[in-house]
Amino acid sequence: MARQIALVGIGKIARDQHIPAIAGSGAFSLAATASRNAGVDGVDGFSSLETLLAARTDIDAVSLCTPPGPRYADARRALLAGRHVMLEKPPGATLSEVHDLIALAEARGLTLFATWHSRHAASVAAARDWLAGKDIRRVEITWKEDVRRWHPGQDWVWEPGGLGVFDPGINALSVLTAIHPRPLHLSAAELSFPANRLTPIAADLTFRDPEGAEVTAAFDWRQEGPQTWDIVIETGAGTATLSDGGARLSVDGTEMSAGPDREYAGLYARFAELLANGESEVDLSPMRHVADAFTLGRRVEVDAFEW
Ligand code: NAP
């Protein structure tokens, strides 16, 4: 029987992805929502998670789709109320918040799942498998999109904790950390802040690889026209291109893997598996690289940004 789940923060990603993924999952059934200004037709709706948790003690799993700023308080509230928790990316506004949630979930014997949807893109596993054991010489990430198209009017992305261009950039880092065969660390960064905003609109990152591969990432939110979410990896055995955010993999121009978008179906299947096994999954490596970029990055001021 499908497990009852509650969704918190009925906004863009809840409507685009979570609601359809839950409906199609078989493992879960959407039993309630908590959102200040929105709800889902035919589903028990509450204006806060607090009231939902008090009223619906039958629901033991909660999926948080709010922006990262308010996420910690709700995640903590849900865990303290004995509910399992799934977190949208990034898992919080700070690393320490998430460490606190990890400890709390562990102490209470609850599942905490910090999701990275891009890791479930159709060709990420194929890229990881193809790269295993290869002599990697160069990795070049290009993640350039139009913020007006993907985050229309979402002012939280420009607030502290909203990450700016790292909101999509962290997706690239979640893929990099899933496919690169060894841990990397950031060695240099340049962050471009619009004169009137508090988070960067572009970032250029360089990583140190213990075996000497040259690893760089360029994130930009000012790209109009075609959008680019590519990772090119040069190895001794050919050049792999993981494109369309991880959907397609080609090697030296020959397509090796491609598939439809089932990222959120993959996330809910994984949450069901973790719940069945009584396990948690929280990999903070993508977020650590972003935190390092903010501590190490050189800040430059660029043109003001208006929607
Ligand atoms: P959103 O639509 O701006 O926010 C989701 C909902 O959260 C809002 O509609 C709002 O609903 C609620 N909320 C609660 N506290 C809020 C606050 N302080 N500021 C703004 N909204 C608040 O955002 P989203 O695009 O769905 O993104 C949510 C999370 O999903 C982010 O972490 C993002 O990185 C991730 N994500 C987004 C996308 C995408 O394409 N947009 C893709 C993948 C992942 P109420 O007003 O009804 O409470």
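**Charges over rings**

I started at Phe193. The charged end of Arg299 sits over the ring of Phe193, 4.0 Å from its centre. This is a predicted model, so I read every value as computed from it. I then looked at Trp130. Lys134 lies over its face, at 4.2 Å from the ring centre.

**Aromatic pairs**

Next I looked up ring against ring. I noted how such pairs are described: by the distance of the centres and the angle of the planes. The count comes to 10 aromatic pairs.

I took Trp150 and Trp229 from the list. Their centres are 5.6 Å apart, with 70° between the planes. Planes over 60 degrees apart count as edge-to-face, so this pair gets that label. I checked where the two residues lie. Trp150 is in helix α6, residues 147–150. Trp229 is in strand β11, residues 228–235. The pair links distant parts of the chain, 79 residues apart.

Trp150 is partly exposed at 30% relative accessibility. Trp229 is partly exposed too, with a relative accessible area of 21%.

I moved on to Trp158 and Trp221. Their ring centres lie 5.4 Å apart and their planes stand at 65°, so this pair is edge-to-face. Trp158 lies in the loop between α6 and α7 (166–179). Trp221 lies in the loop between β10 (214–220) and β11. The pair therefore ties together parts that are 63 residues apart in sequence. I checked burial again. Trp158 has a relative accessible area of 1%, so it is buried. Trp221 is buried, also with 1%.

Ring pairs link Phe28, Phe113, Tyr268 and Phe271. Two of these names, Tyr268 and Phe271, came up again among the buried residues of α8.

So I read along α8. This helix covers residues 263–277 and has 15 residues. From first C-alpha to last it reaches 21 Å, close to the 21 Å expected. Its buried residues also include Glu263, Gly266 and Leu274. What do the buried residues of α8 pack against? I listed β1 (3–8), α1 (12–23), β2 (28–34), β4 (61–64), β5 (84–87) and β6 (112–114). Just after α8, Gly278 takes a positive phi of about 65°.

**The record**

Last, I looked at UniProt. An unreviewed entry lists residues 4–113 as "domain: Gfo/Idh/MocA-like oxidoreductase N-terminal". In the model, this span is 42% helix and 23% strand. Its end C-alpha atoms lie 16 Å apart.

Terms used:
Residues are numbered from 1 along each chain as its sequence is written. This is a predicted model: local features need pLDDT of at least 70, side-chain atom pairs count only at pLDDT 80 or more; totals for chains, interfaces and linings use all residues. Side-chain values use heavy atoms; hydrogens and water are left out. Rings of Phe, Tyr and Trp (its six-membered ring) pair if their centres lie within 6.5 Å; planes under 30 degrees apart count as stacked, over 60 as edge-to-face and the rest as tilted. Helices (H or I, at least four residues) and strands (E, at least two) are DSSP runs, numbered from the N terminus. Buried means under 20% relative accessible area, exposed over 50%, partly exposed in between (1.4 Å probe, protein chains only). A charge sits over a ring if NZ of Lys or CZ of Arg is within 6 Å of the ring centre and within 35 degrees of the ring normal. UniProt positions are given in the numbering used here, feature names are shortened, and annotations may be inferred rather than shown by experiment. The expected span of a helix is 1.5 Å times one less than its number of residues. Contact means heavy atoms within 4.5 Å.
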